[in-house]
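Trainee: I would like a close look at one part of this model, with the criteria stated as we go.

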Amino acid sequence: MRNIAVLLIVIFILGPLCPASAQNFRVGKGDLLSIKVYEHEDLSMNVRVSADGTIKMPFIGSVKVSGMTGGEISEHLVRLYVDEEYLVNPQINVFIDEYRSRKANILGQVNEPGRYEIDEDTSIMVLVTMASGFTRRAYKKSAQVIRRVNGEKEIIEDVDMGGKVIPGDIIVIQESFF
């Protein structure tokens, strides 16, 4: 009974620190997937999502996976293998080993401008911290965000430092006038 209580306490304390949203992560180009097909080791593999958002799988060829979660990819692969009559009742799990598509750029008045890996909770201020902080001349109250919306580049001015960063964003820290 005591072990169960300790386990529940550990889960309660560490639960918020675990990336629960990894289940909801949408795969993008460059991400590395680990695909496990149980009882068919020859079909299990590690594969990187190509620039066109596809992966190559034995027997079924090129499969579009960009924008899907790991669970959705698993279900899609199961359907394809069953529909093509290669497997009967396959058990397929997809794990995301590397998130290359979850990056954002930060430019301007930061000490180390560049491209950084982000998660769904990354704010502009956290990205500034990843870039080793502001320079002496930085305007520290807001930033400019360049973001693609429906394929179009959109420039958003005066975004609060607590604003969330999404993959593909370019954050520009402006120079202060004073």
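Trainee: Which residue forms a salt bridge with Glu72, and how far apart are the closest N and O atoms?

Mentor: This is a predicted model, in which local features need pLDDT of at least 70 and side-chain atom pairs count only at pLDDT 80 or more, while totals for chains, interfaces and linings use all residues. Residues are numbered from 1 along each chain as its sequence is written, and side-chain values use heavy atoms, with hydrogens and water left out.

The partner of Glu72 is Arg26, the closest N and O atoms being 2.6 Å apart; a salt bridge here is a side-chain nitrogen of Lys or Arg within 4 Å of a carboxyl oxygen of Asp or Glu. The pair links distant parts of the chain, with Glu72 in helix α2 (residues 70-83) and Arg26 in the loop between α1 (2-14) and β1 (32-37), 46 residues apart. Helices (H or I, at least four residues) and strands (E, at least two) are DSSP runs, numbered from the N terminus. Glu72 counts as partly exposed at 31% relative accessibility, and Arg26 also counts as partly exposed, at 45%, where buried means under 20% relative accessible area, exposed over 50%, and partly exposed in between (1.4 Å probe, protein chains only).

By this rule the count comes to four salt bridges. Another of them joins Glu98 to Arg48, with the closest N and O atoms 3.2 Å apart; this pair too links distant parts of the chain, Glu98 lying in strand β5 (residues 92-98) and Arg48 in strand β2 (residues 45-48), 50 residues apart. Glu98 is partly exposed, with a relative accessible area of 28%, and Arg48 is partly exposed at 33%.

A nonpolar core is a set of buried Ala, Val, Leu, Ile, Met, Phe, Trp, Tyr and Cys residues joined through side-chain atoms within 4.5 Å. Of the 21 residues in this core, those that touch the most other members are Leu33, Ile35, Ile55, Met57, Val65, Ile73 and Leu77. Leaving out residues up to four places away in sequence, Val65 touches Val27, Leu33, Val49, Gly53, Thr54, Ile55 and Ile73, contact meaning heavy atoms within 4.5 Å. In soluble globular proteins, nonpolar side chains tend to be buried together.
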